[in-house]
Amino acid sequence: MKNFLNLPAFLSRIIKINLLLATVLLAVAFVSLLVGTARIEIIGGLKGLLYGWHKGFTGLTPAEKTIIFSIRLPRIIFAGIVGAALSTAGVVFQALLRNPLADPYILGISGGSAVGAIIGIVIGAGFLPFSIPALALLGAVLTVSLVFAIGRTNPNTLLLAGVIVNAFFSAIIMFLISMSTSAELHNITFWLMGDLSLAASGEIIMTGIFLIIGFAVIYLEARPLNLIVTGEETAMQLGVNVERTKIWLFLAASLITGLAVSFSGIIGFVGLIIPHIMRMLCGSDHRLLLPASFLFGASFLIVADTIARTIIPHTELPVGVITAICGAPYFIYLLRRRTY
Amino acid sequence: MAIVQAREIGFRYTGEWVLKDISFEIEKGEFWGIIGPNASGKTTLLKIIDRILVPQEGSVWINGINIREMKRDALARLVAVVPQEAPLIFPFCVEEIVLMGRAPHLGKLRFEGKKDHEITRRSMEMTDTLSFAHRNIGELSGGERQRVLIARALAQEPHIILLDEPTAFLDIKHQVNFFNLVKTLNREEGLTVISVTHDINLASLYCDRIILLDRGSIHCMGTPSEVIRESNIREVYGTDVIVDRNPQAGLPRVTLVAANPSDRGSRLKAGAAPQLLQFGDTKKERINTTPTDEI
């Protein structure tokens with residue numbers, strides 16, 4: 001009962017928890033920067049991060065500089081962006097579908113995005129700016145509508161619809177890639193299991209900018225989302241314009257999913273695990289849950305990607321292997337527990 | 001001026017009219033009940049008053065304003081709903097749920113301030129839910145959860161409260177407690193109440209006015225004594241009942257009649273379930289199932 005009457009308490013709780021999670025994110029990113037086939041010393045790495053931009057800095061060898069700034073740093077930033085995007089999208093889809101097992105991957109939305117992006121590349125639309133992400137967004141939106149139309153009545157039907165749609169899209173992806181001779185098209189493993197190492201810096205920046213825009217749109221609807229979670233009619237009775245809110249949220253969540261998938265392939269289960277862990281730790285209020293999932297999702301995917309590129313010496317695993325190994329058992333655990 | 005006016009409402013989903021030519025006027029501070037058989041349009045009518053559904057014909061006016069002209073949050077500051085039950089999938093604690101009642105007063109971004117917490121606290125006191133403010137709503141019993149939903153409705157500070165069969169899942173003790181609470185709020189806070197209910201006896205005990213719906217039309221409306229009559233019930237529900245006076249309140253009391261002679265005759269003609277119609281069985285059935293639907 002102590003904190004009952006002073007609510008700025010909730011705002012300060014949001015700030016405190018997110019500062020903590022941001023610190024974790026920075027620490028994780030820094031450690032990830034040092035780890036790899038070429039080890040970099042802590043002090044040198046820190047100095048390199050701070051002064052490495054200057055030409056006169058000599059604390060690192062040129063090779064180390066290249067590793068840090070051209071290889072690891074962009075990849076870590078991109079992993080953070082994709083992790084944040086998928087976790088945020090997971091929170092939104094779970095809330096809108098009122099199903100705690102929803103996730104962009106499980107529902108086939110990532111698959112739909114990938115098909116959209118691949119079609120864009122195959123038909124050679126890549127030279128138009130934003131055309132690939134736009135097609136990925138289109139794929140995501142169509143998949144959401146389809147899965148929702150099939151499975152809106154029953155949570156289990158929704159998941160089954162996702163499974164079927166996923167199987168279908170995997171087949172389409174394999175078909176398109178087998179048929180295509182396009183040099184721009186990455187291999188099947190990239191699309192089906194995800195790879196964070198291939199994104200160009202322009203793509204990373206674009207994904208980051210759209211993530212911020214999408215997140216802002218979503219966060220403006222955080223309170224309505226709390227109400228929608230308790231039932232759409234209830235939300236209407238409490239003053240929410242439900243139809244409009246849902247459209248904005250579906251679009252924003254599909255946009256960030258589509259962008260992430262366009263440049264990283266399909267990385268599964270991030271949008272399932274992270275929102276669930278955060279809900280256990282922070283509660284269901286989306287004003288806290290959304291930023292917390294954003295930050296923790298970023299940290300999680302950076303860790304997963306670091307493991308993927310270091311666990312077997314001189315070999316890189318697709319990051320989706322790591323997330324699936326963590327995520328699939330977790331999904332089964334949730335499915336059996338039946339309370340969330 | 002009446003606080004709620006329904007003017008010639010007609011509504012259908014796709015096919016036949018679910019409601020037709022519904023008009024009534026409710027004065028501020030009155031307690032109204034809507035009764036009628038299954039599929040008579042009770043819940044639909046309630047949803048129209050709260051603009052969850054928009055009627056094809058006619059309109060609802062609240063405080064002299066057509067609700068179609070109102071913004072959602074403006075309407076939510078006037079009308080609150082207590083649903084049958086809350087489908088709660090995600091873990092929210094009781095306090096969070098009740099605080100949600102403040103949403104129409106806060107807009108999208110403003111955080112709940114001191115005043116909102118005071119109002120929330122008072123609603124929880126009135127509904128006796130303060131003691132489990134920090135428990136997860138999913139862990140509560142049906143009666144406790146129902147009180148939380150009223151607390152949320154009260155936190156909205158509405159002028160009108162709509163109840164959609166709020167006691168459907170409660171035992172008789174909680175049914176009476178629930179309606180006593182609503183009656184107190186109605187008398188002391190001047191809250192206008194409109195309640196859909198299956199329980200004619202509860203409606204008789206608590207309502208100032210009752211609307212009896214029959215297949216989408218108003219069969220009759222008025223005080224409990226005017227509406228709850230054997231003839232009305234027989235015409236609308238198609239079953240015989242005995243209406244006498246509640247010994248305590250003097251209001252109409254309905255007793256259901258199981259398998260009376262004329263009923264048995266009609267069943268024989270229909271030829272349904274003949275083995276049930278043998279004398280001994282019927283008698284046993286009557287003894288076992290004579291309901292005493294009294295509070």
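## Getting started

Helices (H or I, at least four residues) and strands (E, at least two) are DSSP runs, numbered from the N terminus. By that rule, chain B comes to 12 helices and 12 strands.

Please keep in mind that this is a predicted model, in which local features need pLDDT of at least 70 and side-chain atom pairs count only at pLDDT 80 or more, while totals for chains, interfaces and linings use all residues. Residues are numbered from 1 along each chain as its sequence is written, chains are lettered from A and ligands numbered from 1 in the order in which they are written, and side-chain values use heavy atoms, with hydrogens and water left out.

## Chain B as a whole

Chain B has 295 residues, and 50% of them count as buried. Here buried means under 20% relative accessible area, exposed means over 50%, and partly exposed lies in between (1.4 Å probe, protein chains only). The accessible surface of chain B comes to about 13,700 Å², with 50% of it belonging to carbon and sulfur atoms. Such areas come from the Shrake-Rupley method with a 1.4 Å probe, and for residues only the protein chains shown count as cover.

A contact means heavy atoms within 4.5 Å. Of the contacts in chain B with a separation of 6 or more, 63% are between residues 24 or more positions apart.

One residue to look up is B:Lys183, found in helix H7 (residues 172-188) of chain B. Is B:Lys183 buried or exposed? With 17% relative accessibility, B:Lys183 counts as buried. Leaving aside residues up to four places away in sequence, B:Lys183 touches B:Phe31, B:Tyr206 and B:Asp208.

## Where the two chains meet

On the chain B side, 39 residues are in contact with 34 residues of chain A. Together the two chains bury about 3,300 Å², 66% of it on carbon and sulfur atoms; buried area is the accessible area (1.4 Å probe) that two parts lose on being put together, summed over both. Which three residues supply more than any other three of the area that chain B buries against chain A? They are B:Phe90, B:Lys108 and B:Phe111, with 23%.

There are 3 salt bridges between chain B and chain A, a salt bridge being a side-chain nitrogen of Lys or Arg within 4 Å of a carboxyl oxygen of Asp or Glu. The side chains of B:Lys47 and A:Glu233 form a salt bridge, at 3.1 Å from N to O. The elements of chain B that give two or more residues to the side touching chain A are helix H2 (72-78), strand S6 (79-82), helix H3 (94-99), helix H4 (103-106) and helix H5 (114-126). H5(B) gives the largest share, 5 residues. By class, this side of chain B has 20 nonpolar, 5 polar and 14 charged residues. In that scheme, Ala, Val, Leu, Ile, Met, Phe, Trp, Tyr, Cys and Pro count as nonpolar, Asp, Glu, Lys and Arg as charged, and the others, Gly among them, as polar.

## An enclosed helix in chain A

Why is helix H9 (residues 222-229) of chain A largely enclosed by the rest of the structure? Because 8 of its 8 residues are buried. Among them are A:Arg223, A:Pro224 and A:Asn226.

The buried residues of H9(A) pack against helix H3 (62-96), helix H8 (201-220), helix H10 (232-237), helix H11 (242-264) and helix H13 (286-310) of chain A, together with H4 of chain B. Just after H9(A) comes A:Gly231, with a positive phi of about 125°.

## Salt bridges across the model

Over all chains, the count is 18 salt bridges. In one of them A:Glu316 pairs with A:Arg75, and their closest N and O atoms are 3.0 Å apart. A:Glu316 sits in the loop between H13 and helix H14 (319-337) of chain A, and A:Arg75 sits in helix H3 of chain A, so the pair ties together parts 241 residues apart in sequence. A:Glu316 is partly exposed at 44% relative accessibility, whereas A:Arg75 is buried at 8%.

In chain B, B:Glu157 forms a salt bridge with B:Arg102, with the closest N and O atoms 3.3 Å apart. This pair links distant parts of the chain: B:Glu157 is in the loop between helix H6 (142-155) and strand S7 (160-164), and B:Arg102 is in the loop between H3 and H4, 55 residues apart. B:Glu157 is partly exposed at 33% relative accessible area, while B:Arg102 is buried at 1%. Salt bridges that share partners also join A:Arg223, A:Asp285, A:Arg287 and B:Glu112 into one network.
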